[in-house]
Amino acid sequence: LAIDWDLGAAKDLSTAKVSDMLASGASQADAIALDAGNVKDAAATSASTLDATYEAPYLAHACMEPMNCTAWVRGDTVEIWAGTQSQGPNQGILSQVASVTPAKVKINTLLLGGGFGRRFAPDFTIDATLLSKISGKPVKLIYSREDDMAAGFYRPASVTKFEAALDGQGRPTMLKAGVGSPSIMAASGFMKIPENGVDSFAMEGIADHPYDIPNQRLAYGRVEPGPQVWFWRSVGHSQNIFFIESFIDELAAAAKADPYEYRRALLGKQPRYKGVLELAAQKAGWGSPLPKGVYRGIAVAQSFGSYVAEVAEVSLNADGTPRVHRVVAAVDCGMTVNPQTIERQIEGAIVYGLSAALYGRISLKDGRVEQGNFNDYPVLRMNEMPKVEVHIVASTEKPGGIGEPGTPPIAPAVANALFAATGKRLRSLPFDTAQLKKA
């Protein structure tokens with residue numbers, strides 16, 4: 001086909017422009033997610049202050065099996081065969097596409113081949129159904145990897161600006177955070193942003209962080225650079241836990257305190273957070289000697305009703321790139337049924353989060369996505385896989401999720417270990433290995 005493309009309003013969009021827009025949104029964030037105490041007075045009476053800006057890029061889901069669907073529209077019936085995370089919504093959407101009643105739409109659910117939120121989107125099932133309706137025949141549609149990579153449905157890019165105040169003992173008395181990010185709620189098509197203007201997905205992990213800090217102002221600044229955004233494994237926690245857990249590590253360093261003990265002291269009102277933090281530190285041998293050139297970092301998070309702490313043991317290769325040797329995870333997901341399921345989900349979540357931390361980035365130039373396949377959007381290889389140990393807390397609490405909570409803590413745990421190794425604080429993802437080489 002000889003196609004004359006309309007490049008649209010975003011034809012000049014670049015990663016640099018997106019970054020500037022997000023930073024502006026973070027600076028001007030005024031949709032208040034949490035306002036407690038008096039941040040102005042706390043800053044004025046503090047012994048010291050600290051500020052930092054963190055950034056995360058758009059991310060593709062990079063499912064191993066590209067999007068695909070077989071559809072067959074026959075008269076007033078529709079039948080599809082697909083790996084999908086949204087059977088119910090698909091039934092309603094495809095009934096509209098084919099002009100039939102929802103009861104006439106049959107969804108045959110196949111194995112996902114990797115979902116991570118991407119297969120909750122209905123684009124590929126809509127396409128296959130439309131083609132079958134037009135042709136009058138069964139149609140199997142398979143996206144190419146390049147089409148899937150450039151199709152949108154990205155984890156939102158985000159910038160967060162932090163300010164904190166410390167007392168004479170190095171304990172935080174004030175925390176301000178402004179988050180600049182697109183809205184998944186607005187993009188979803190089935191949710192509305194609340195009247196207060198706060199997209200809960202953009203703020204989760206920051207607005208509900210567990211640390212005992214008396215004065216806080218945590219706010220959201222909505223920014224829409226253009227690319228479609230979507231749910232990505234662990235959603236807002238995927239970037240926000242990297243932001244907050246790295247910044248808490250910065251506060252510990254400013255206080256000249258052990259990062260594990262510093263967190264522990266701020267979690268007096270959070271027994272489940274504190275429990276997994278202590279278990280991970282104990283099982284990892286926190287404070288015990290490590291081989292020469294190996295350093296530890298720690299992070300803790302709650303998402304989807306489950307609590308996970310991870311300790312990463314990291315060194316630097318000769319070329320300055322990070323090497324993660326071992327990850328020790330402690331998990332409190334309430335009542336459990338199958339420990340092997342929990343272990344495997346945590347292992348997979350660590351692979352997914354580590355791939356993003358080391359390599360993941362969707363970049364834009366002249367309005368186009370620059371990545372197309374695994375040659376320029378790498379994922380963790382088998383020879384890079386760290387040893388993973390999973391320790392489960394015995395609990396009678398109600399069950400939480402387990403497919404997503406293992407992802408958020410891995411990026412900050414590794415970043416905090418790299419700070420211990422080099423003194424360099426990495427505030428953006430993926431990790432800037434050029435910065436590490438200068439260490």
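**Close-up views of a predicted model**

**View 1. The buried residues of helix α1 are Val18, Leu22, Gly25 and Ala26.** Buried means under 20% relative accessible area and exposed over 50%, with a 1.4 Å probe and protein chains only. Down the axis of α1, the buried residues fall within an arc of 100°, so they line one face of the helix; the arc is that of the directions from the helix axis to the C-beta atoms. Exposed Ala16, Asp20 and Ser27 sit on the face turned away from the buried side. This is a predicted model: local features need pLDDT of at least 70, side-chain atom pairs count only at pLDDT 80 or more, and totals for chains, interfaces and linings use all residues. Residues are numbered from 1 along each chain as its sequence is written, and side-chain values use heavy atoms, with hydrogens and water left out.

View 2. Helices (H or I, at least four residues) and strands (E, at least two) are DSSP runs, numbered from the N terminus.

**View 3. The largest pocket holds about 610 Å³ of space.** Its lining has 30 residues; closest to the centre are His61, Gly115, Phe116, Arg233 and Tyr352. A pocket is an open set of points on a 1 Å grid over the protein atoms alone, where a 1.4 Å probe fits, with protein on both sides within 12 Å along at least five of seven lines; lining residues have an atom within 4 Å of a point.

Notes. Points joined across faces, edges and corners; volume = space filled by probe spheres on them.
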